[in-house]
Amino acid sequence: MSKYLAPAAYLPHQAPMLLIDEVVAVSADTVCCCSVVDNDHALAPFITPQGVPSFFSLELMAQTIGVWAGFWELSRSGHKIEAGMLLGGRGFKFSTPFLPLNATLSLEAQLLLSDDKVGSFEAQVRVGSDILACGRINTLQASLGELDSLVHV
């Protein structure tokens with residue numbers, strides 16, 4: 001039995017947008033989750049004979065970072081995290097055009113720097129020791145009011 005709650009406890013996402021199956025580990029500056037893309041997964045509508053397009057790795061990595069932020073917010077305040085935004089990224093590399101089906105994807109992120117609102121993470125998607133996708137992701141942790149003001153300028 002995992003000592004962590006289900007990913008939905010840490011993320012504002014709900015089905016069918018929740019892509020992570022399990023939280024494996026969270027520390028002060030790292031997070032590891034996993035997901036298995038199969039016919040029951042949220043990405044099932046995008047399955048091709050080759051697998052799922054690798055560009056979905058970006059959202060898998062972003063949700064992994066969201067788990068890290070949500071875990072610490074829940075630990076600190078006792079409240080579920082409201083929302084976060086992917087500001088951008090760089091240095092993305094994909095070693096394959098498709099993520100394999102029915103394989104356990106290891107989703108990992110390491111905090112590089114942060115303040116109260118902005119964070120930068122090095123993230124990757126692996127199967128075993130093979131890195132399928134990696135890159136740096138920059139995030140913004142904003143309140144719903146702040147997000148609303150960004151949308152309604």
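I began with helix α1 (residues 57–77), which has 21 residues and reaches 30 Å from its first C-alpha to its last, close to the expected 30 Å at 1.5 Å a residue. The expected span is 1.5 Å times one less than the number of residues. Helices are DSSP runs of H or I of at least four residues, strands are E runs of at least two, and both are numbered from the N terminus.

The model is predicted: local features need pLDDT of at least 70, side-chain atom pairs count only at pLDDT 80 or more, and totals for chains, interfaces and linings use all residues. Residues are numbered from 1 along each chain as its sequence is written, and side-chain values use heavy atoms, with hydrogens and water left out.

Just after α1, Gly78 takes a positive phi of about 80°.

Next I looked up His41, in the loop between β2 (30–36) and β3 (52–53). His41 is buried, with a relative accessible area of 7%. I checked its polar contacts (N or O pairs within 3.5 Å, one able to donate a hydrogen and the other to accept it; residues adjacent in sequence count only if both atoms are side-chain atoms). The His41 side chain reaches the backbone oxygen of Leu19 at 2.9 Å. A polar atom of that side chain lies 3.0 Å from the backbone nitrogen of Leu43. Leaving aside neighbours within four places in sequence, His41 is in contact (heavy atoms within 4.5 Å) with Leu19, Asp21, Ser35 and Val36.

Terms used:
Buried < 20%, exposed > 50% of the residue type's maximum accessible area, 1.4 Å probe, protein only.
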